[in-house]
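Here is a guided walk through one protein model. Keep the structure open beside the text and follow each stop in turn.

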Amino acid sequence: MKRKSGDKSSEKPKASAYSKALGLLARREHSRRELKQKLDRGGYARDEAADALDRLGEQQYQDDDRFAEVLIRTRSAQGYGPMRLRVELRSHGLSDAQIRHLIDAAGIDWKDSAGAQLRRRYGSKGTADPAERAKRAQFLLRRGFPAATVRDVTHADVDDATDDSP
């Protein structure tokens with residue numbers, strides 16, 4: 001039997017902001033800013049959302065450091081460099097000092113990671129062609145590796161103007 005769309009008794013009551021946020025965290029880690037945005041879009045009152053986020057933080061269900069560690073591990077495994085990670089973490093509301101500490105603590109060898117990305121994309125053959133080296137360098141720069149690392153790996157001339165060392 002079909003329910004009428006105007007039948008209010010069949011609608012579920014709206015979950016609390018805490019329950020909604022806890023459900024989101026059960027699926028994957030979220031930053032505090034990300035959860036706040038999702039709760040705002042869900043129509044929850046700011047006070048209720050803030051209280052829910054504070055409670056989740058106190059219970060250690062939501063932790064920005066843990067979120068960042070997972071994101072760093074995931075994105076670096078996908079072949080992204082530290083500059084890309086820094087930008088993404090900043091968009092999630094983490095401070096620069098916190099980001100720097102977490103990236104350093106991850107202990108990733110960015111030169112090896114950049115080399116692995118080159119081998120995955122272009123094979124193990126090197127090239128003497130300056131245009132091809134420049135193409136490979138641009139590939140690594142777009143993935144978020146610093147210019148110094150790209151220069152070491154590709155032996156190409158790379159502009160240091162945008163370099164922000166890891």
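The protein has nine helices and zero strands. Its pattern along the sequence is therefore α-α-α-α-α-α-α-α-α. Keep in mind that this is a predicted model.

Start with the overall picture. The protein has 166 residues, and buried residues make up 35% of them. The exposed surface comes to about 10600 Å². Carbon and sulfur atoms supply 46% of that area. Now consider the contacts between residues at least 6 apart in sequence. Of these, 55% join residues at least 24 apart.

Next, turn to one helix in detail. Helix H6 covers residues 96–106. Which of its residues are buried? Ile99, Leu102 and Ile103 are. They span an arc of only 95 degrees around the axis, so they sit on the same side of H6. The spacing follows a general rule. An α-helix has 3.6 residues a turn, so residues three or four places apart point the same way. The other side of H6 carries exposed residues: Ala97, His101 and Ala105.

What do the buried residues of H6 pack against? Their partners are helix H4 (64–77), helix H5 (82–91) and helix H7 (110–122). Just after H6 comes Gly107, which takes a positive phi of about 65 degrees.

A search of the whole structure finds two aromatic pairs. One of them joins Trp110 and Phe145. Their ring centres are 6.4 Å apart, with 65 degrees between the planes. That makes the pair edge-to-face, because planes over 60 degrees apart count as such. Where do the two residues lie? Trp110 is in helix H7, and Phe145 is in the loop between H8 and helix H9 (147–154). The pair therefore ties together parts that are 35 residues apart in sequence. Are these two residues buried or exposed? Trp110 has a relative accessible area of 8%, so it is buried. Phe145 is at 1%, so it counts as buried too.

The rings of Tyr122 and Phe139 form an edge-to-face pair as well, because their planes stand at 90 degrees, with the centres 5.9 Å apart. This pair also links distant parts of the chain. Tyr122 lies in helix H7 and Phe139 in helix H8, 17 residues apart. Phe139 is buried, with a relative accessible area of 5%.

Another ring, that of Tyr80, has charged neighbours. Arg84 lies over the face of Tyr80, at 4.0 Å from the ring centre. The charged end of Arg143 also sits over the ring of Tyr80. Its distance from the centre is 4.2 Å.

Now look for salt bridges. How many does a search of the whole structure find? There are seven. Three of them are worth a stop here.

Arg32 and Asp54 form one, with their closest N and O atoms 2.8 Å apart. This bridge links distant parts of the chain. Arg32 belongs to helix H2 (residues 32–41), while Asp54 belongs to helix H3 (residues 46–58). They are 22 residues apart. Arg32 has 30% relative accessibility, so it counts as partly exposed. Asp54 is at 35% and therefore falls in the partly exposed class.

Asp40 pairs with Lys36, and the closest N and O atoms are 3.1 Å apart. Both residues lie in helix H2. They are four residues apart, about one turn of the helix. Asp40 is partly exposed, with a relative accessible area of 32%. Lys36 is partly exposed at 36%.

Finish in helix H8 (residues 130–142). Here the side chains of Arg136 and Glu132 meet in a salt bridge, at 3.1 Å from N to O. The two are four residues apart, so about one helical turn separates them. Is Arg136 buried or exposed? At 13% relative accessibility, Arg136 counts as buried, because the cut-off for buried is under 20%.

Definitions and conventions: Residues numbered from 1 in each chain as written. Predicted model: local features only at pLDDT ≥ 70, side-chain atom pairs only at ≥ 80, totals over all residues. Heavy atoms only, no water. Salt bridge = Lys/Arg side-chain N within 4 Å of Asp/Glu carboxyl O. Buried < 20%, exposed > 50% of the residue type's maximum accessible area, 1.4 Å probe, protein only. Contact = heavy atoms within 4.5 Å. Areas by Shrake-Rupley, 256 points an atom, 1.4 Å probe, with all protein chains shown as cover. Arc of directions from axis to C-beta. Phe/Tyr/Trp six-rings, centres within 6.5 Å; stacked < 30°, edge-to-face > 60°. Lys NZ or Arg CZ within 6 Å of the ring centre and 35° of its normal.
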